[in-house]
Amino acid sequence: MSRVFLTVLDAVGTGEAPDAADYGDVGANTLGHVIAACNPKLPNMAEMGLGRIPGTGYAWDGPVKGAYGRGREVSKGKDTTSGHWEIAGVQVKTAFPTFPEGFPASFMEAYEKAIGYKCIGNKTASGTVILEELGEEHLKNHTPIVYTSADSVFQIACHEELFPPEKLYEFCRIAREMLQGELGVGRVIARPFVGQPGSFKRTGNRRDFSLPPCGRTLADAVKEAGMESIGVGKIEDILAHQGLTKSDHAAGNPACMDALIRFMKTDFDGLCFTNLVDTDSVYGHRNDPVGFAGALEAFDARLPEMKSLLHPGDLMIITADHGCDPCFLQSTDHTREYIPILAWTPGMNTAADLGVRSTFADIGATCAEWLGLPDRFGAESFAKALKE
């Protein structure tokens, strides 16, 4: 029996990528800046090699038992969809479209007709700022709030007392069906909220409606081999529900870590693919390095329990999908960065430097080899380095 636990710390980048200038992200370093600003205590990831990854700046004098390195993204973009897809073996060759000036008027007219409501917003905005700006009008006139960002997203915010989550999800499904071709954004995102003007708060009922992956993913390969392919958190949304045998759509890091640990306590052959979103959505996009550091510490504190639940022959990989530097104050958007790679298997008592991987897909290739699958996704596995 062999299990792989692949966990994505959302937005925990490790320094500007070589092409960061193309994305306006020169100088970004999510993890390095958070560590410099807040000095979080991360001893368990440090023991796996965190401090030896270039760009982190994490001081650690103790022994290192694990494999460490960082990965460079080949895909066009710097968002959740392209990052996770590439980790899972699918490289995005053409960037998803973005709409910095809002979506075309012709589309919005057709969309409003399809859902039966006028919309407001239709511009680039912070998800919390636009609620304060337009939330009162939304409540008064029953007008869904549409907005986007530097990412390829169509976001719809609705108050839960006005439009219950299932109604909002219906609006999103309609948008997903309509946003194809040149309008084919990576994700349509439901952003439900509650509260009153001056105290609006987004809820845990967010849902992402992604395009289907543009190729065969690690999850597909695992499922087709007859093994369990498990998603935790928003993985099922990112993969458009493809390639999974079961899923726990937990919301928030504590609930997602609880779900991951529950799966670790079960016997199965296959993959458990987890996204921990809070570092991105709660802290990175809010320019909150203190909260970001706290989320990292909370994850690190649970690592010993997770490692204790691994069986001989299991593999744990911790990585990220892009950056979202909370100290990069000229923006609240994602940042084009390298991602960290930490890996450990029971009995591994030495350090292994994985270097700089030329594609995130090396992670998917490694997971596939570890599970005895032939798929390599045009990438290079580092499984051998974990066994030496």
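Visitor: Which helices and strands each supply at least two residues of the lining of the largest pocket?

Guide: They are α5 (127-141), β6 (187-194), β7 (201-202), β8 (207-210) and α10 (278-284). Helices are DSSP runs of H or I with at least four residues, strands are runs of E with at least two, and numbering starts at the N terminus. This is a predicted model: local features need pLDDT of at least 70, side-chain atom pairs count only at pLDDT 80 or more, and totals for chains, interfaces and linings use all residues. Residues are numbered from 1 along each chain as its sequence is written, and side-chain values use heavy atoms, without hydrogens and water.

Visitor: What makes a space a pocket, and what makes a residue part of its lining?

Guide: A 1 Å grid is laid over the protein atoms alone. A pocket is an open set of points with protein on both sides within 12 Å along at least five of seven lines. A lining residue has an atom within 4 Å of a point. For the largest pocket, 27 residues line the space. T203, G204, R206, S281 and V282 lie nearest its centre.

Visitor: How are the residues of that lining divided into nonpolar, polar and charged?

Guide: The lining of the largest pocket has 8 nonpolar, 8 polar and 11 charged residues. Asp, Glu, Lys and Arg count as charged; Ala, Val, Leu, Ile, Met, Phe, Trp, Tyr, Cys and Pro as nonpolar; the others, Gly among them, as polar.

Visitor: Which residues lie nearest the centre of the second largest pocket?

Guide: S149, Q155, R191, H285 and D333 do, out of 24 lining residues. β6 gives the largest share of this lining, 3 residues.

Visitor: Why is A11 called buried?

Guide: Buried means under 20% relative accessible area, exposed over 50%, partly exposed in between (1.4 Å probe, protein chains only). A11 has 0%, so A11 counts as buried. A11 sits in the loop between β1 (3-9) and α1 (30-38). Its phi is positive, about 75 degrees, although A11 is not a glycine.

Visitor: Why is N39 called partly exposed?

Guide: N39 has a relative accessible area of 47%, so N39 is partly exposed. N39 lies in the loop between α1 and α2 (43-47). Here too a residue other than glycine has a positive phi, near 50 degrees.

Visitor: What makes helix α12 (residues 361-370) mostly covered?

Guide: In α12, 9 of 10 residues are buried. Among them are D362, C367 and W370. Their cover includes β1, α3 (80-87) and β14 (351-357). Contact means heavy atoms within 4.5 Å. G372 follows α12, with a positive phi near 80 degrees.

Terms used. 1 Å grid on protein atoms, 1.4 Å probe; cavity = no way out; pocket = protein on both sides within 12 Å on 5 of 7 lines; lining within 4 Å.
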